[in-house]
Amino acid sequence: MGPGGSWANSRFSVLLTTTQFLFNLVFPDGCRLCDQPLLNVSRVPVCKACLSLPQPLQAEFFCQTCRTPFLSSYPLDHDGQCAICRENAVNFDFAYSFGSYEGPLRKLIQLFKYGKVESLAGPLSAFLLRAMPRDRNFDAIVAMPMHWRKQWERGFNQAELLAQPVARRYGLRLATNLRRKRYTLSQAGLSEAGRRQNLKGSFAVTRPEEIAGKRVLLIDDVFTTGATLRAASAALKSAGVARVSALTLARVDGRAPAAMNLDTDFSSTGLAPLGRALTESDARRKVSAGSGIR
Ligand SMILES: [Zn+2]
Ligand SMILES: [Zn+2]
């Protein structure tokens, strides 16, 4: 190679180094899941390989209504319903989820929600689109609302960010009629009955005439016990909504050994929040410390 070539080459490598330098300033730690250097300039701090890891949930036995997976048909009645769905007369009509709340999908959701990496909304909503039921029609989409105070603390409503691309894709309205009335305690660590009590009267529907008689798709990030989705569905149904289908990214899979760790072991994932994020467990600690968030 001549001197001119190496000059051009070195200028090119300076340019590359500068680009890489600026890029590294934005994402100094590489992929937030696997630590490999990020090769493509993107606002998403997760590599393509990690984004392709989450797999759809597979189950041989599951509840016909909430689609909770089971190891056998034993917990299901002759209608194929689980005990929780049998108990709750007012319910969502169907629930769909992309995958299990574990492994890379769980890490991605936690990074999005608690690590406040809003740019993950796009890649994550692609999983929601994959889980959309092909054989059902909807008139409106509702994102699981957050209490204004919680949303102010987090800076965004993760369900809304996930629901926007789905609404756009299907040309549906993102209805804002469902509201969170009370600042509920964190649901993590509560029993199903405790969750129901905690959520009682926590939702309200404004301008019910806008969604009465409609088929609504209710979107949230994680299906834990379904209590929040049931409470929201009950509010929608009492406002006259004809049908509520729930769509979540992930569901807690009772068949997995780590299923009940839920969101409380955030520190063990190694995903440190960017800045000082108030996590669900922080909020609960505050409450139990007597600061009285309510
Ligand atoms: Zn990676
Ligand atoms: Zn069920």
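Helix H4 (103–113) lies across strands E3, E8 and E9 and runs at about 105 degrees to E9, where contact requires C-beta atoms, placed from the backbone, to lie within 7 Å, and where angles run from 0 to 180 degrees between the N-to-C directions of axes fitted to C-alpha atoms, for helices over the stretch in contact. Helices (H or I, at least four residues) and strands (E, at least two) are DSSP runs numbered from the N terminus. The model is a predicted one, in which local features need pLDDT of at least 70 and side-chain atom pairs count only at pLDDT 80 or more, whereas totals for chains, interfaces and linings use all residues. Residues are numbered from 1 along each chain as its sequence is written, and chains are lettered from A and ligands numbered from 1 in the order in which they are written.

The sheet is open and has 5 strands in the order E3-E9-E8-E4-E5, with parallel pairing, two strands being paired if DSSP finds at least two bridges between them. Its edge strands are E3 (94–100) and E5, each of which pairs on one side only, and the twist averages 25 degrees from one strand to the next. Strand E9 is joined to E8 by 8 bridges and to E3 by 6 bridges. Thr248 of E9 is the bridge partner of Asp220 and also that of Ser97. Of the 9 residues of E9, 7 are buried, that is, 20 or more other C-beta atoms lie within 10 Å of their own (12 or fewer: exposed; in between: partly exposed).

Helix H7 (residues 158–170) lies across E4, E5, E8 and E9, running at about 135 degrees to E8. Its 13 residues reach 19 Å from the first C-alpha to the last, close to the 18 Å expected, a span defined as 1.5 Å times one less than the number of residues. The buried residues of H7 are Gln158, Ala159, Leu161, Leu162, Ala163, Val166 and Ala167, and their cover includes helices H4 and H5 as well as strands E4, E5, E8 and E9. Gly171, which follows H7, has a positive phi, near 60 degrees.

Beyond its neighbours within four places in sequence, Leu218 is in contact with residues including Phe92, Val142, Leu229 and Val244.

How values were computed
Two residues are in contact if their C-beta atoms, placed from the backbone, lie within 7 Å.
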